[in-house]
Amino acid sequence: MNGAETIDLLRLDGDALEEGERVMQICNACRYCEGFCPVFPAMTQQAQFGERELSYLAHLCHNCTACYHACQYKPPHDFAVNVPRALTRLRAESFADLVWPGFMRASFARNGTLTALIVTVVMLVLVSASFYLQGADTLFAVHREPGAFYQIIGHGLMVVLSGGCLLFGLTGVVISGLRFRQQLGHGAHTGGRWYALRRALAAAARLDHLGGGHDDGCNTADERFSNARRYAHHGVMWGFALCFAATLTASFYELVLGRLSPFPYLSLPVVLGTTGGVGILVGGAGLLVLRRRFAEGVREDKGSMDLAFTLLLMVISATGLALLALRESVAMGSLLVVHLALVLSFFVLLPYSKAPHGLYRLLALYTFYRTSESGVAPTPRS
Amino acid sequence: MVGGGHAGLCAAITAREAGARVLLLEKGERAMRAGNTRHTRNLRVAHPHPVDVLAGEYSSDEFLQDLLKVTGGNTNLSLAAITVEDSFELYQWLRARGVHFQKPLSGTLNLSRTNAFFLGGGCALANSLYTHAEDIGVDIRYQADVERLLWQDNVVVAVGLSSGEVIPVGAVVAAAGGFQANLDWLAESWGDAARNFLVRGTPLNTGDLLSDLLDEGCEAQGDPSQFHAVAIDARAPAFDGGIVSRLDCVPFGIVVNKLGERFYDEGEDFWPKRYAIWGRLVAAQPEQIAYAIVDAQARGCFMPSLFPPIQAQTLPELAEQLDLPADALVATVEAFNRATRERTFNPDELDDCATEGLAINKSHWARPLRAPPYAAYPLRPGITFTYLGVRVNERGQVLKNGVVCANVFAAGEIMAGNVLGEGYCAGTGMTIGGVFGRIAGAHASAWVGDERR
């Protein structure tokens, strides 16, 4: 970019950073895709494309793949530009770079394996402990009275286990977020803090950047635009939010109002949790189906991270709904143990799964709106 | 429809929507479909008031005046009038069929009033039209290379592919592009100079169908040496380099040829209005090469180039790197610097920074070049599309010895020379292609419908 060194525009076997720089340099001279999403306007503001800039752009990208299908330089053109692939590769490396503690880098390369391992271990521990502490008779009995769940696992123990695992997971995620923020550094601020936060949250809430810039949606299998992936993701995202809200309201009921779960079917915690669980299952199923349909040029090659995450969420939801349906039967005890084990695994895995993507993208979006008020740099005439 | 670019797609969709059975024959493989359309980014649209992505007002009269100005009057007035009058309807027609538009973001302030930019560029436009065409039942064949038409008197009865296959047709729309990728044909007018031309777009536009039409006696329109050409970075690929090789630094420095001499007013007008003449200017220079030179002051004034500039701390060093005569370059720059005047530089206006007393003055934005590092960009002519084509009437029909060929139509680059005798202004090519594509499609389907009855 400064003319001092020439990158080889036709070299296709570079590492992620080299390929990222190569591709962005070509895009920066073209810019036809600038209306699809913030990646391209953000690109125009960078003085160079080093690791810092490329991580920022990679997390700003939501993998809608519109810029692949619209690209006149994609293979078989000699320039062989494939922006989604280049940014996905960078994003995958970034997850590994930002993870805390550092020795957990490898978790992203074998994410499915790690997830399965943790789930198995936690499950074994919890199942054995419950058999040991409560005995089969209690586990497989019918419990209907208020506080029924706590016959299986004591209230105090549940709080300590959940809280502890969640705290552990959140710590890792927050530290990674702070590391990313530090990496992003300080650009020239044109937008205010609250403006940028508002815009970033709105973009995340509406999943604007799975809308293709024109709101007709993103690309999956081919050049056709569709909001299917966006809606599926909404299902999972809002489903998750509802489940979280269910947990909060349940805690409120228990700690403040003194009422014990299980709560009535039409109570707020149950309605929120049920809707949330269904949202995750339906949305997740959609994501799994669509994930297999990506056009050949942009098929996911960041490993099993998204698959493991989606499946785990779906299994948690399924067991949660099963628990709801069968809470007055002899299956309640075992379902509760299984469901809890899955939830604890999820918490523990938070920093080593796809979970931080929400935070990374939010931070990238925040940075975007903070450093480009109108969304675009005032670039000279062309 | 022969040719699956913008014009061919507009024709195919129009004809299909009118009820005809339509076969679109595209020479390229699917990944390279739509020829030069892949590299386009906007079309010029007349509009009476702000609408969607179009700011302000751009009357048909003003559009026509712009056309007359850039062509110097070398245009078929009635076809030019049709182009401007139908441009707004074309824009709406494209939108209604899934083409997305956007306001230009990257600083093309002047153009947001006159041009509608494709969200995602020409490839995205082509994708939307192909999707729509598929949805409404247009048959599409890729790697279908039409090399000739089969005639019976003044009626075409079939098309012949290079594979030997012959397909009977009721009507044909020739939308197969110009011949800019055919350096041999360009050399017929330009001689050896053509070997130094770069082809900005698809290598597939070798003009086979045009050549066949002309051989069969269809009337030609336009000068074989004329084309839309832009000065691009000499390091661009020989074919298909597209937009990334264009350079916008000319107004901010000087341009010298191989002899180290300036040859044209670099600051004549705003770049969007002048960029189109520089291709021919460089083509006329010795060895078809020129060098745009700026100093450190100009840094940041123009879009980044794909290729880094050639830099040096002194002019003699720069001359050596560029293989220019050092004395001549230094003399040119010194004379230029002496001729500049202390005035107010303003790139957003036609400012008063003009040189005085030179054989070739720079009318605007002239500042002395004296702040190293000096940066140079080598320029060559990049040919976008050729202007020699087939003559058409107002229904897009070709003519043979004065007789209208009722079922043979042309649209796009293959007939753009009817409107563009010379010169160019941004976005006009796509407007011509779309307007005459729709016209051809409408009349072709009407003809076929009538014939069936």
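1. In this predicted model, B:Asn42 has B:Phe117 as its bridge partner in strand S4 of chain B. Strand S4 covers residues 115-118 of chain B and runs antiparallel to strand S2 of that chain, with three bridges joining S2 to S4. These strands belong to an open sheet of three strands in chain B, ordered S2-S4-S3 and paired in antiparallel fashion. At its edges lie strand S2 (42-44) and strand S3 (101-102) of chain B, each of which pairs on one side only.

2. The contact between the two chains deserves a careful look. On the side of chain B, 51 residues are in contact with chain A, and on the side of chain A, 41 residues take part. The size of an interface is often given as the accessible area lost when the parts come together. For chain B and chain A the buried area is about 3600 Å², and 57% of this lies on carbon and sulfur atoms.

3. Which salt bridge involves B:Asp135? The partner is A:Arg224, and the closest N and O atoms of the two residues are 2.8 Å apart. Four salt bridges are found by the rule across the interface of chain B and chain A. Across this interface the rule also finds 13 residue pairs in polar contact, with both residues of the pair at pLDDT 80 or more.

4. Aromatic pairs are the next point: over all chains, a search of the whole structure finds 26 of them.

5. Another cis peptide bond lies between A:Trp100 and A:Pro101, where omega is about -5 degrees. A:Pro101 is placed in the loop between helix H5 (83-98) and helix H6 (111-139) of chain A.

6. A further backbone detail concerns A:Leu207, a residue other than glycine whose phi is positive, near 50 degrees. Where in chain A is A:Leu207 found? A:Leu207 lies in the loop between helix H9 (193-206) and strand S1 (218-219) of chain A. As background to this point and the preceding one, most residues other than glycine have a negative phi, and most peptide bonds are trans.

Methods:
Residues numbered from 1 in each chain as written. Chains lettered and ligands numbered in written order. Predicted model: local features only at pLDDT ≥ 70, side-chain atom pairs only at ≥ 80, totals over all residues. Heavy atoms only, no water. Contact = heavy atoms within 4.5 Å. Buried area = accessible area lost by both parts, 1.4 Å probe. Salt bridge = Lys/Arg side-chain N within 4 Å of Asp/Glu carboxyl O. Polar contact = N/O pair within 3.5 Å; in protein donor to acceptor, adjacent residues only side chain to side chain. Pairing = 2+ DSSP bridges. Helix = DSSP H or I, 4+ residues; strand = E, 2+ residues; numbered from the N terminus. Phe/Tyr/Trp six-rings, centres within 6.5 Å; stacked < 30°, edge-to-face > 60°.
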